[in-house]
Amino acid sequence: MNIEEKGFNEDFQFETPLAPKRTRLQEFWLLFRQNRLAILGLFIFILFFCCAIAGLFMTSGPDPLFDPAMIRLQEKLRPPLVKPNLDSLRREEIPCLGFYLMGTDDLGRDVFARMLQGAWVSLTVGFVAVGISVLIGIFMGGIAGYFGQHHIRVDHVIVTFLLISGTALVTAHFIRFGAVLLCLTPAYIFYSFLTQNRSKGKTLPLWAKVFRKNAVSVDTLIMRIVDIMLCFPSFFLILTVVALLPASIYNIMIVIGLTSWMGTTRFVRAEFLSLREQDFVAAVKTLGAGNFRIIFRHMMPNAVAPVLVSATIGIATAILTEAGLSFLGFGVPPPHATWGNILSDGKNFIFDAPWLTFIPGIAILIVVLSFNLFGEGLRDVLNPKLRGRH
Amino acid sequence: MANNNTLISVQDLKVYFRSSHECARAVDGVSFEVRKEETVCLVGESGCGKTVSALSILGLIPIPPGEIAGGRILFQGKNLLELDEEDMQKIRGNRIAMVFQEPLTSLNPVFTIEDQIGEAVRIHKNIGAGELRDCCIKLLKDVGIPSPVQRLKDYPHQLSGGQRQRVMIAMALACDPDLIIADEPTTALDVTVQAQILQLLKSIQKTRSMSVLYITHDLGVVANIADRVYVMYSGIVTEQGNTAQIFYDARHPYTQGLLASLPSRSKRGKRLYSIPGTVPNPAYKPEGCPFHPRCPHAISTCSREHPEMCDYSKAHLARCPVLFESANGYK
């Protein structure tokens, strides 16, 4: 009885902290440190990052330190670490290190300078493309997982179809017909608002009933779009799209991003399906939080771990895809160097100047491998069930 | 029925859950009210509709499969069932707050408790960061967390069960609501901590002059905390009255059975009583009184007519006309 009445001691203070306080990051680092390969991956990743940023500054501007576009025809196909023939070069043509670190290509351009420029391309393509795909993936997955059992009515499907086909017709210069379709859409929305308020409790005519029928659930719709996207062989889809669009580095980033969000969507949806039933979501709801606050502030931080892992590995894939596109000549337009087109240019001289293919090839290999190792290490730390497997 | 003192009154609430081939009538005509500065207990066994009643107050019944088939929930004169989602969000957490059963899973594992209590305040009020922090510290102090300043940066997994439940209560208190719904908040805790939490709820209810709707299946807790009690069985209220009336003068055979099956010192060495049979499936309830297949006093009319509430004495009502008539007949 006494205990009950006394309750707790309000003024009690701990003399010493109970346990050493570690932040999440420290705890994460303690676990991550044990995986040597992942540490190696992280190290190479940081090195690559620094090189790419340094490369951007050293190869761009009006008077770059390393000029990747400088052509010295008399110095072509020099092997790595060879000193230039100083007699035949003008002053500004002499490489800044005093020798060709990675040799020169068939036009006498410094491969080291071109590799530096290409590193920045690879880095941005990797990060921007994955950024786009993660954003789309999280959004679609979040909607599918959280609002999954909501239904889309038949009339919504029809209106969306009208809207899309109207826009398509207008852009394809069938302006009059397209405009009619486009005008129909707001007219229908207006009409449905009118009838919605009036028809409460009344029996509707048959056509209205058909329109009000639930067509598909949000979950089905989004996941089937994902399935359809996964059906396309994505590299050929990218090839087709890139062939149609004007060649530029931004188009490549966007196209790679738009064709690689499906995995993230599936991850996030799966996480959300289990998170949605958790008590803390109900608890936040009882506090009066709105749906989007619940999704993006409370549920998303619980779901990002697998996304983070797939994003790291996704960066590697995006770099590889970009290199592949550039190799095939669909990538970044020629005067700009990327690892893919250095490789592509070098393949004609593979027996005379093997460094032209080996240097970018090995660079791609190392970077992609390091991203994969880092990603695997992240996964081991973030998913306790997989710990202790390496 | 509704006088000025009534904070919330639930009238003839019906909540059904439909599946493709059957309809579970989880709450089937429940009426109760909570007055200002009062602790009311909803008691009943698992599946009798306590939690569903509470969730429908906050509009948290998933629709579909759920369906509010009828009734009204009047909170400060407004019918909560008619409010739209936006107005409902202004009431949740702000005017009516809820404490859940499992304190471990009710806290978000990736945020510190400062973030979570702060979030509860931030949703409804627009205040600065420093003020928010002070507010969190004060709330933690109010719910009796020792050294609140050091605790602010803790994650839920670093706290004990009782502390987590205190944090949940702090979150519920954040906007100083009029009504706290506590859905079995002590079930997951051990007995000493349970006593502390009950004590805490009691003192908070007194100092902040709030109302508490306490949902439990534990009659010991009811005796400890309640001013008035509603006993529920199979989606209906079978008996209501103040705590003394229910415990010393139970009129409904179900309440009598519940009390008889409590272990106590006087029953030492004897076999403990248990009510025969099981709770009816909410999709296939018996005709008439839902308790009649298990009732020792059942007569043939019980299986035909739905029993009415009978007024035994001041505010002591029980849904059993059979015992009512026989009791009055003896007089």
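Predicted model: local features only at pLDDT ≥ 70, side-chain atom pairs only at ≥ 80, totals over all residues.
**Burial and overall form, chain B**

Of its 331 residues, 46% are buried. I then looked up the radius of gyration, which is 21 Å for chain B; a compact globule of 331 residues would come near 20 Å, so the two agree. The C-alpha trace of chain B spans about 70 × 50 × 40 Å along its principal axes. For the contacts in chain B with a separation of 6 or more, I noted that 64% join residues 24 or more positions apart.

I followed strand β1 of chain B, residues 6–18, to its partners. One is β2(B), residues 23–35, with antiparallel pairing over 10 bridges. Between β1(B) and β2(B) there are 4 residues, and the two strands form a hairpin. As a point of reference I marked Ser9(B), whose bridge partner in β2(B) is Glu33(B).

β1(B) also pairs with β4(B), residues 66–75, again in the antiparallel sense, over 8 bridges. Here I marked Ile8(B), which has Phe75(B) as its bridge partner in β4(B).

**Two residues with positive phi**

Most residues other than glycine have a negative phi. Asp12(B) is not a glycine, yet its phi is positive, about 50 degrees. Asp12(B) sits in strand β1 of chain B.

Ser234(B) is another non-glycine residue with a positive phi, near 50 degrees. I placed Ser234(B) in the loop between β9 (228–233) and β10 (236–242) of chain B.

Is Asp12(B) buried or exposed? I found 11 other C-beta atoms within 10 Å of Asp12(B), so it is exposed. For Ser234(B) the count within 10 Å is 24 other C-beta atoms, so Ser234(B) is buried. The cut-offs I used are 20 or more for buried and 12 or fewer for exposed.

**The open sheet of chain B**

I traced an open sheet of 8 strands in chain B, in the order β6-β7-β8-β3-β9-β10-β12-β11, with mixed pairing. Which strands stand at the edges? They are β6 (96–99) and β11 (310–313) of chain B; each has a single partner strand, so one side of each lacks a neighbour in the sheet. On average, neighbouring strands of this sheet are turned by 20 degrees against each other, direction ignored.

Inside that order I checked one pair. β3(B), residues 39–43, and β8(B), residues 211–216, run parallel and pair over 5 bridges. Thr39(B) has its bridge partner in β8(B) at Val212(B).

**Helix α7 of chain B**

I then turned to helix α7 of chain B, residues 161–173. α7(B) lies across β6 and β7 (179–183) of chain B and runs at about 170 degrees to β6(B). From first C-alpha to last, its 13 residues reach 18 Å, close to the 18 Å expected at 1.5 Å a residue.

How many of the 13 residues of α7(B) are buried? I counted 12, so the helix is largely enclosed by the rest of the structure. The buried residues include Arg164(B) and Arg166(B), along with Val167(B), Met168(B) and Ile169(B). An α-helix has 3.6 residues a turn, so residues three or four places apart point the same way. I listed what the buried residues of α7(B) pack against: β6, α3, α4, α5 (129–142), β7 and α8 of chain B.

**Contact with chain A**

I went on to the contact between the chains, which takes 30 residues from chain B and 22 residues from chain A. On the chain B side, α2 (85–91), β6, α3 (103–106), α4 (113–124) and α8 (191–207) each supply at least two residues. α8(B) gives the most to that side, with 5 residues. I sorted the chain B side by type and got 14 nonpolar, 13 polar and 3 charged residues.

**A helix in chain A**

My last entry is helix α5 of chain A, residues 154–171. Its 18 residues reach 26 Å from first C-alpha to last, close to the 26 Å expected at 1.5 Å a residue. After α5(A) comes His173(A), with a positive phi near 70 degrees.

Key: Residues numbered from 1 in each chain as written. Chains lettered and ligands numbered in written order. Rg over C-alpha atoms; globule rule 2.2 N^0.38 Å. Contact = placed C-beta atoms within 7 Å. Pairing = 2+ DSSP bridges. Axes fitted to C-alpha atoms, helices over the stretch in contact; angles between N-to-C directions. Nonpolar A, V, L, I, M, F, W, Y, C, P; charged D, E, K, R; others polar. Expected span 1.5 Å × (residues − 1).
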